[in-house]
Amino acid sequence: MHALKQHELSLADRLADMAVDSLIDEADLSPKPALVDRRGNGAHSDLHLGLMHASALSLWPMFKEMAEAAFEFGEVGVPLREALGRLGREGEQAMLITTNGVNTHRGAIWALGLLTAAAALQPRAVTLTAAKLALLEDRFAPQPLSHGAQVAQRYGARGAREEAQLGFPAVMQRGLPQLHKSRGQNAGEQNARLDALLAIMTELADTCVLYRAGTEGLQAMQQGAQAVLDAGGSATLAGRRQLHALDQQLLALNASPGGAADLLAACLFIDRLDGAL
Ligand SMILES: CC(C)(COP(=O)(O)OP(=O)(O)OC[C@H]1O[C@@H](n2cnc3c(N)ncnc32)[C@H](O[C@H]2O[C@H](COP(=O)(O)OP(=O)(O)OP(=O)(O)O)[C@@H](O)[C@H]2O)[C@@H]1O)[C@@H](O)C(=O)NCCC(=O)NCCS
Ligand SMILES: Nc1ncnc2[nH]cnc12
């Protein structure tokens with residue numbers, strides 16, 4: 001085999017490892033408000049931590065194939081976008097078989113799929129490259145009346161598609177800077193990751209929350225997350241009290257911030273990639 005190709009294949013393996021590790025780190029991170037974590041199922045009756053792990057692992061071949069497709073096409077364009085769409089739909093089927101039909105990682109397939117392909121193409125301009133891919137039309141994409149599409153209609157919310165098309169502002173302007181800031185304050189890695197999740201939650205129009213709990217739920221998520229950070233973050237006693245109150249409030253509203261969780265995984269992926277460059 002050609003030496004460069006061999007190198008590319010091992011890089012595809014590494015990118016798939018990074019994507020899956022980021023999903024597993026996100027799932028394990030505790031205590032996350034109303035989400036599945038080591039403590040329990042959050043606001044979900046059909047999810048648990050083992051299922052999140054199994055789902056993440058089932059996506060490894062998809063991420064690898066997405067990176068390989070990026071190497072093969074070699075540039076941002078409709079052929080690569082459509083190949084990623086096909087791989088994403090196949091990955092979603094693998095996920096649904098693994099989880100017995102439960103949607104564990106649909107948003108993560110989208111965000112991390114684009115970022116994995118972008119990292120294979122342009123490791124130093126990942127979010128910009130992912131945004132360019134997200135802006136291209138996939139002629140074969142079905143147009144289902146998804147939860148995201150329904151709340152986009154009802155509230156005019158900017159959902160997962162737009163977040164990617166804008167270059168992941170919730171990650172680049174909120175999550176990643178907060179991760180670095182909290183690490184710099186010696187918050188400890190788990191607290192720094194919790195703070196990054198909270199920072200993402202302060203501004204995101206999470207369509208999972210909107211679908212389940214409307215604008216009341218979205219406001220509770222955004223304001224409650226800001227209150228934790230204002231109190232000093234999850235490493236402080238005052239911040240922990242606010243975090244507990246946010247958990248209780250979101251559980252009472254059945255408002256699971258699944259979109260924010262996916263974007264935390266995206267944030268951890270970009271952080272890992274930065275560390276590997
Ligand atoms: C373009 C797509 C992203 C589809 O987007 P759309 O908004 O139309 O569809 P949804 O099915 O609603 O999926 C979007 C998922 O993205 C996450 N998300 C939500 N808000 C945001 C946001 N503002 N920014 C980024 N990401 C966001 C979220 O995923 C998480 O929630 C999932 C659980 O959701 P749901 O099933 O609604 O959950 P429940 O309330 O629990 O359901 P019930 O129990 O009540 O039934 C969980 O999976 C998390 O991942 C949104 O769900 C893209 O997905 C697409 O086009 N897909 C088709 C395949 C494809 O072409 N892929 C391309 C690969 S590159
Ligand atoms: N930890 C989590 N809990 C619930 N939904 C999620 N979607 C992605 N990660 C999640």
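Colleague: In this predicted model, is Ala34 buried or exposed?
Modeller: Around Ala34 there are 29 other C-beta atoms within 10 Å, and a residue needs 20 or more of them to be called buried. The residue lies in the loop between H1 and H2, and Ala34 has a positive phi of about 60° although it is not a glycine. The count of C-beta atoms settles the matter, so Ala34 is buried.

Colleague: Where is Pro31, whose peptide bond I would like to discuss next?
Modeller: The peptide bond that leads from Ser30 into Pro31 is cis, with omega near -5°. As for its place in the chain, Pro31 sits in the loop between H1 and helix H2 (49-58).

Colleague: With 15 C-beta neighbours inside 10 Å, how does Asn254 count?
Modeller: Asn254 is a residue other than glycine with a positive phi, near 60°, and its place is in the loop between helix H12 (237-253) and H13. A residue is buried at 20 or more such neighbours and exposed at 12 or fewer. Asn254 has 15 C-beta neighbours inside 10 Å, so this residue counts as partly exposed.

Colleague: How far apart in space are Ser22 and Arg272, C-alpha to C-alpha?
Modeller: Ser22 belongs to helix H1 and is buried, with 24 other C-beta atoms within 10 Å. Not counting residues up to four places away in sequence, Ser22 touches Leu112, Ala265, Leu268, Phe269 and Arg272. Although Ser22 and Arg272 are 250 residues apart in sequence, their distance in space, C-alpha to C-alpha, is 8.3 Å.

Colleague: What distance separates the C-alpha atoms of Thr207 and Gly148?
Modeller: Thr207 lies in helix H11 and is buried, having 26 other C-beta atoms within 10 Å. Its contacts, leaving aside neighbours within four places in sequence, are His147, Gly148, Val151, Ala157, Gly159, Ala160 and Gly259. Along the chain Thr207 and Gly148 are 59 residues apart, yet the separation of their C-alpha atoms is 5.3 Å.

Colleague: Which element gives the largest share of the shell around ligand 1?
Modeller: Ligand 1 is surrounded by 37 residues, the closest being Gly88, Gly107, Gly148, Gly258 and Gly259. Two or more residues of this shell come from each of helix H4 (78-99), helix H5 (106-121), helix H7 (147-155), helix H8 (160-165), helix H11 (207-230) and helix H13 (258-276). By class, the shell around ligand 1 holds 13 nonpolar, 15 polar and nine charged residues. The largest share, seven residues, is given by H5.

Colleague: And which element gives the most to the shell around ligand 2?
Modeller: The shell around ligand 2 has 14 residues, with Ala27, Leu35, Val36, Gly258 and Ala261 the closest. They divide into seven nonpolar, five polar and two charged residues. Helix H1 (3-28) and H13 each supply at least two of the residues around ligand 2, and the most, three residues, is given by H13.

Colleague: What is the radius of gyration of the protein?
Modeller: The secondary structure comes to 13 helices and zero strands. The globule rule gives 19 Å for 277 residues, and the protein is close to that value, so it is as compact as a globular protein of that length. Its C-alpha trace spans about 55 × 40 × 30 Å along the principal axes, and the radius of gyration is 18 Å.

Colleague: Of the contacts in the protein with a separation of 6 or more, what percentage do residues 24 or more positions apart account for?
Modeller: Burial gives some context here, since buried residues make up 51% of the 277 residues in the protein. Among the contacts with a separation of 6 or more, the part that comes from residues 24 or more positions apart is 74%.

How values were computed:
Residues are numbered from 1 along each chain as its sequence is written. Chains are lettered from A and ligands numbered from 1 in the order in which they are written. This is a predicted model: local features need pLDDT of at least 70, side-chain atom pairs count only at pLDDT 80 or more; totals for chains, interfaces and linings use all residues. A residue is near a molecule or strand if its C-beta atom, placed from the backbone, lies within 6 Å of it. Helices (H or I, at least four residues) and strands (E, at least two) are DSSP runs, numbered from the N terminus. Ala, Val, Leu, Ile, Met, Phe, Trp, Tyr, Cys and Pro count as nonpolar, Asp, Glu, Lys and Arg as charged, and the others, Gly among them, as polar. Two residues are in contact if their C-beta atoms, placed from the backbone, lie within 7 Å. The radius of gyration is taken over C-alpha atoms; the globule rule is 2.2 Å times the number of residues to the power 0.38.
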